[in-house]
Amino acid sequence: MWKRTLILLLLMLFQAPAWGEGLAPQVLRVAVAEVVESNPSAELFRRPALRNLDEVMASGYINIGLYEDFPPYSYIDDTGGPRGIDVEIGRAIADGLGLEFRPFWIKPGSSLGRDLGNNVSRGHYLRPTQVADVMLRVPYDKNFSYLRDSTGEYINKSVVMFGPYQREEWGIAYDAGQLDGEATLGSFRHQRIGAEYDTLPATYLTAVMGGQLRDNVRHYRNVGDAFAAMARGEVAGVMAIRGELEHYLAHHPAHDFRLAEPLLPGISRQQWDIGMAVRHNHRQLGYAVEAIVDRAVRDGSLDDIFQAHALEYRMPDFYAEVLGPAE
Amino acid sequence: MTQSTPLGNLARPLALTAIALAVSAQAQAVSFEDMLNDHLATDQVVTNGMGLHGQRFSPLTTLNTDNVHQLRPVWAFSFGGEKQRGQESQPLVKDGVMYVTGSYSRMWAVDAYTGEQIWQYEARLPDGIMPCCDVINRGAAIYGDKVYFGTLDARLVALDRETGRVQWIKRVADYEAGHAITAAPIIIDGKLITGVAGGEFGVVGTVFAFDAETGDELWTRPVVEGHMGYVFENGEAVENGITGGEAGLSWPGDMWQQGGGAPWLGGFYDADTHSLLIGTGNPAPWNSHLRPGDNLYTSSRLAIDPDDGTIKWHFQATPNDGWDYDGVNEVISFDYEENGSLVKAAATADRNGFFYVLDRENGEFIRGFPFADKITWADGLDENGRPIFNPAGRPGNPADSEGERGESVGAYPAFLGAKNWNPMAYSQDTGLFYIPSNEWMMDIWNEPVSYRKGAAFLGAGFTIRPTNDDYIGVLRAVDPRTGEEVWRHENRAPLWGGVMATAGNLVFTGTPEGYLKAFDATTGEELWGFNTGSGVVATPITWEMDGEQYVSVASGWGGAVPLWGGEVAEVIKDFNQGGMLWTFKLPSEYAQQ
């Protein structure tokens, strides 16, 4: 009986001209899944495919949440393959669990809280069935993890943030061909400086020193564009996170671009740690992932990954306390 | 168990029905003349706004205060599938066929007598769309033998009216940069004109015009100072003047290059001055301390020459906008008499809480007054309509925060506005504007612990709160000559649907609680209501067929409020989604002469 129902369904879907083309394949998939496999379908119920450790292991793959288009951490290279430090960490996690690595690309939203909701705990309202099993490059900050709203509720209670693996910081790169001596903030009273739109450097540079630098700030879509502008002589410096600065320094060997060690007075947060996140009830998956990444930090293989990408590895505070200061 | 038998029996009747219905509709080409007369015609609705000026006033008197209690549903049409969410569309009606758009960039042609589907079109949306404020669509345009609408991946689609077949699809902007089209496009003398919604920081709001027949681009007009507009001649872009004359007059540094100002709600047309009247969105970035200056032409109203995109005049409601008070709300042309002379005016009710009456020939400020009960960001308007800022009402600069959560600033109204996208109506009989408004405020504070794309960030935290315990929504009848609020009707949930007025002394609007309601236009007395089963956040229409007056409205709770409404969630959290088109009529036996 079920077979006849299925065939009827199939035939109607292929033939009925008034039905939307976009609708049919989806309904068909659901119908087939329901009748043939008798599996409850996340697609049908429009619920996220939330997978605990056992389900991830049984599936043979793991979805690693990575920011898209974000060199040197995660991006698609010229050959069309995933590349970057977080991609390598994701591969190491998958290898460590004996699973296939599947990148889950994340378009950054207006805040980390939204990214976590849209990609880890709940799913975006347009794509509620698509979430990452674990997300990388999530700042590890107890103040953020335990942020409360006005009613006293924890705002980020639906995710667990764990496993710090890198220390990140703000920095400035400058063109020694344009500036005499090492760049300081004051250098950019007279020279232009580039920053990515809608980042802390964009806010900081337009406000610091009573707004004296404001008219010299040039905004770019990303740090790569800012470096290209520096190569053209459009700006004499770029303010960004250290990882991006080191990456793009290595990509402009023909220029005398250098890292400055500037004082950044009044900056709200000069350094922070980077870790990972899973859904709050997938802690077991988090422990398994944490164990792999922790080993990579301790045995130096994470350091190797950073070096292979022309970056200096900086250990999070957490390890500095456990392992003592790095040599 | 053969495969061919069930196929033949089931599929063929379905196919035949669809074809038969399509053929039976005797569609007449819709001309620009038809649109110019839409506000006078009673047997059609061929424009968003029930008239190109957007007054949403029907001259029909068949249905009136005496008989509206006999108004009853005659059919309902389901948008179907699993796709529900917000339905904000205004239907169109021509030659007994209704054209309505729905959530997820879908469109239907429906028999206006019976509610039977004639065709359905569903845009194939890519995975990466990121609309800010739900997957809504606000309606279609109709011209010649085609219907048009915009999609969530920022395309314009032209469909054959009779068959729903695609005639052309034009990419207007890059959806991957966060662009979408949700507003109904407008057609002015064969030109299909649209704005674009959203866009990440780094985007400049632009108005686009296309040839409605071919889809060829005709002109573009950026709305931010310093950017070149173009007209296209034989496929070649020809420079047509820099918006605002030159760059950097009202923006610091290079910030005009990003600007913002998305004209996401589209515009209306004033035939007297041959102008597209369109509003522009808020400037970018959100933090107003980074961009001292007026930041022209964001949060403004523009009169644009529909022939080539030249800006004729501008009026800026919120200079240096720091509250996300988009200036996109509709500008409605209307005439009134004062001291024996006729004033050619245009009115707009801004998100910032002020109602403005402008001279639509030159954009000059005639008068303005608050229509919201409480406004804290400005103490009033000066003689030119410019706000008198209250410095204590401006959110602080996150860059000034000292690692602690900054002091919270309470701003009235909230960023969702004293009135949002949902259009008001103007009654030529009462001379009143009927404004669907909301009483809510926002708390804004600097958020020292925030991150974005793996990096520390300086953000502002914000949340919306109702101003009063017992209501948020207020339907207001306001006299544009005096600013007097003639009557008000309070509603517990925020009003998010459009308003329609009729010569039957009626005003219609919907509520998130699910009702379509009718009020006495003179007194505000609630005369009729019908629960559609899901929130009404769309705009009703009315027309006449075979001597009977019909009313239609889409039903389906959603839009920006559930996504951005903060503590308003307490009021709305139990509302169910939907996706239905409801049509009512007054049966002829109840119509009184």
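Chain A exposes about 14900 Å² (Shrake-Rupley method, 1.4 Å probe), and carbon and sulfur atoms supply 49% of this area. Of the 327 residues in chain A, 53% are buried, meaning under 20% relative accessible area with a 1.4 Å probe and protein chains only. Chain A has 13 helices and 11 strands. These are DSSP runs, with helices (H or I) of at least four residues and strands (E) of at least two, numbered from the N terminus. Among contacts in chain A with a separation of 6 or more, 70% join residues 24 or more positions apart. A contact means heavy atoms within 4.5 Å.

The model is predicted: local features need pLDDT of at least 70, side-chain atom pairs count only at pLDDT 80 or more, and totals for chains, interfaces and linings use all residues. Residues are numbered from 1 along each chain as its sequence is written, chains are lettered from A, and side-chain values use heavy atoms, without hydrogens and water. The scores are ipTM 0.84 and pTM 0.88. Chain B has a mean pLDDT (the predictor's confidence in each residue, from 0 to 100) of 92. In chain B, 93% of residues reach 70 or more. Residues 1-25 of chain B stay under 50.

Chain B holds an open antiparallel sheet of 4 strands, in the order β7-β8-β9-β10. Pairing requires at least two DSSP bridges between two strands. β7 (141-143) and β10 (166-171) of chain B are edge strands with a single partner each, so one side of each lacks a neighbour in the sheet. Neighbouring strands of this sheet are turned by 20° against each other on average, direction ignored. The angle is taken between axes fitted to C-alpha atoms. β7(B) pairs with β8(B) (residues 146-150) over 3 antiparallel bridges. Ala141(B) stands opposite Tyr148(B) in β8(B).

Terms used:
Buried < 20%, exposed > 50% of the residue type's maximum accessible area, 1.4 Å probe, protein only. Axes fitted to C-alpha atoms, helices over the stretch in contact; angles between N-to-C directions.
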